[in-house]
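Subject: Structure for your review

Dear colleague,

Please find below the structure that I am handing over to you. My findings follow it.

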Amino acid sequence: MAQVHRLDPMSRVPGNATVYGAWERFVRGEDDIRGVRPEVAISWHRCRDQYRVDPGLTEAPVAVAEVDHTLEHDVVFAELGFRAATVAHEVANVGGIVTVADATGRVLAEWGDPATRELAAEANLATWFCWSEQATGTNGMGTALETHAPVVIRGAEHWCQAFHDWTCAGVAVRDVVTKDPIAVLNISCWRSELPSASGAWLSNAATRTQRTLRQRAQDGSAELIAAFNHARSRSGTSLAAVDPAGRVVIADDTASVLLGVPGSTPAPDPAVRWNPRLPELIRAARYAAKQASRNPDWVGSTQIFTHLTDEPTSVSMRPVFLSGHLVGNLVSFGVAEGEQLPRAEDPRRQPHRIVAMRDNRMVLLRQPEVSFAESEGNDVWLSTDQGRLRAASGSLDKLEHEQGDAGFLRVHRRYVVNLSRIREVERRFKGELLLVMDDGANTMVPVSRRNAPAVRRALDI
């Protein structure tokens with residue numbers, strides 16, 4: 001067993017005694033985590049309740065050998081390695097180390113102070129070992145891969161006690177289309193704070209690498225639009241082009257009505273592509289991307305519910321590539337060609353609890369406690385059994401994505417409702433629907449015209 005260097009919990013990092021006390025309680029099974037930052041508390045919940053990581057773990061496990069990634073990922077690894085090497089000297093001068101890991105948390109390379117690297121090696125903070133949250137709990141690399149923002153993990157904020165003497169900061173580089181993580185860059189220090197410039201170093205490296213990916217996505221959009229125009233000139237079926245995340249790059253006039261997006265209007269920029277809010281289409285696009293990555297000649301079909309229709313529509317999906325890299329799919333409506341896609345449930349992990357904020361405290365809500373969510377300006381407000389609370393996430397889209405399989409449904413651009421908390425449905429003039437919620441105030445939530453078919457199907461009315 002590796003030697004574990006420990007300090008008195010009261011002397012680790014300034015202000016860390018409160019966190020260490022909360023960590024001790026939480027590890028024992030209590031949920032009193034006052035004084036712990038929300039992003040860390042959420043990570044702890046994943047470690048304890050979902051991943052079941054042993055907090056007594058003293059070293060990271062060996063990384064799995066089989067990792068499935070594309071040539072594009074290799075380009076990202078190389079670029080991040082170059083950027084890490086450029087700051088390695090400055091980090092080493094303050095006793096730190098820099099690491100690059102892939103999307104599974106497998107450490108690919110390490111630079112920095114030799115003495116600190118020797119200490120890190122005792123905990124397997126080194127190449128060939130895995131630092132995902134699932135493997136080693138809350139840490140800079142693993143937690144950055146789980147979140148969409150840079151993270152700093154100090155002392156007792158680490159899930160495993162053997163790592164409480166470390167302070168680390170990580171930032172993940174994500175695919176600009178799917179938002180899936182590709183790699184993570186991390187800086188770690190032993191028994192000391194990070195260099196003041198760490199945040200700027202990490203941010204600069206991630207931004208420059210993302211710029212390369214963004215240009216690649218723009219080129220992919222041009223190829224996808226060209227394939228759409230070519231197919232449209234040869235076929236009379238309604239057609240759309242979607243990226244691997246299921247967002248629409250361009251659709252003809254007929255397909256645009258079914259998808260609820262502007263017709264014949266290209267959206268090449270991955271940041272502003274059209275979101276049809278059709279979960280079945282998103283699942284089909286992601287499945288098609290996986291199949292096509294293994295077999296470029298793959299073609300598949302399925303049935304999806306579209307906007308303004310109560311019956312499913314057949315669609316076929318044909319992949320489009322640029323220099324061997326999948327950039328999206330052409331979706332033909334009313335056509336069933338190729339392999340039938342499985343009608344399985346979404347394979348995502350069980351949704352996490354919904355996180356809300358009250359003053360300076362984090363409230364962890366079970367799904368049944370939330371009646372509905374409402375977007376208001378830059379905030380999302382939750383109507384809950386504990387009153388009206390501000391959601392920790394400011395994105396209604398993110399809440400819809402995470403809780404969709406737990407019975408939450410988007411019914412309006414401003415509302416996501418818990419289907420089990422609908423008390424009554426009121427029909428009004430011209431078929432308009434209003435949902436009466438059982439939130440105590442019997443709040444009436446409007447249903448938009450484009451979302452009405454999905455609501456009727458979900459409620460079987």
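In this predicted model, 5 strands form an open sheet in the order β2-β1-β5-β4-β3, with antiparallel pairing. Strands are DSSP runs of E with at least two residues, and helices are runs of H or I with at least four residues, both numbered from the N terminus; two strands pair if DSSP finds at least two bridges between them. The edges are taken by β2 (107–112) and β3 (151–154), each of which has a single partner strand, so one side of each lacks a neighbour in the sheet. On average, neighbouring strands of this sheet are turned by 20° against each other, direction ignored. Strand β1 (residues 96–102) is joined to β2 by 5 bridges, and Val98 has Trp111 in β2 as its bridge partner.

Strand β8 (residues 300–304) runs antiparallel to β9 and is joined to β9 by 5 bridges; here Ile304 stands opposite Thr313. Between β9 and strand β10 (residues 325–333) there are 8 bridges, again antiparallel, and Met317 is the bridge partner of Val331 in β10. The hairpin of β9 and β10 has 2 residues between the strands, and Ser323 in the turn has a positive phi of about 50°.

In helix α10 (residues 396–403), the residues Leu396, Leu399, Glu400 and Gln403 are buried. Seen down the helix axis, the buried residues of α10 fall within an arc of 100° (taken from the directions from the axis to the C-beta atoms), so they line one face of the helix. The elements that cover them include β12 (354–358) and β17 (408–412). Ser395 caps the N-terminal end of α10, with a side-chain oxygen 3.3 Å from the backbone nitrogen of Asp397.

As to confidence, the mean pLDDT (the predictor's confidence in each residue, from 0 to 100) is 87, and 93% of residues reach 70 or more. Over residues 1–15, however, the pLDDT is below 50.

Residues are numbered from 1 along each chain as its sequence is written, and side-chain values use heavy atoms, leaving out hydrogens and water. Local features need pLDDT of at least 70 and side-chain atom pairs count only at pLDDT 80 or more, while totals for chains, interfaces and linings use all residues.

Yours sincerely

Methods:
Buried < 20%, exposed > 50% of the residue type's maximum accessible area, 1.4 Å probe, protein only. Contact = heavy atoms within 4.5 Å. Polar contact = N/O pair within 3.5 Å; in protein donor to acceptor, adjacent residues only side chain to side chain. Axes fitted to C-alpha atoms, helices over the stretch in contact; angles between N-to-C directions.
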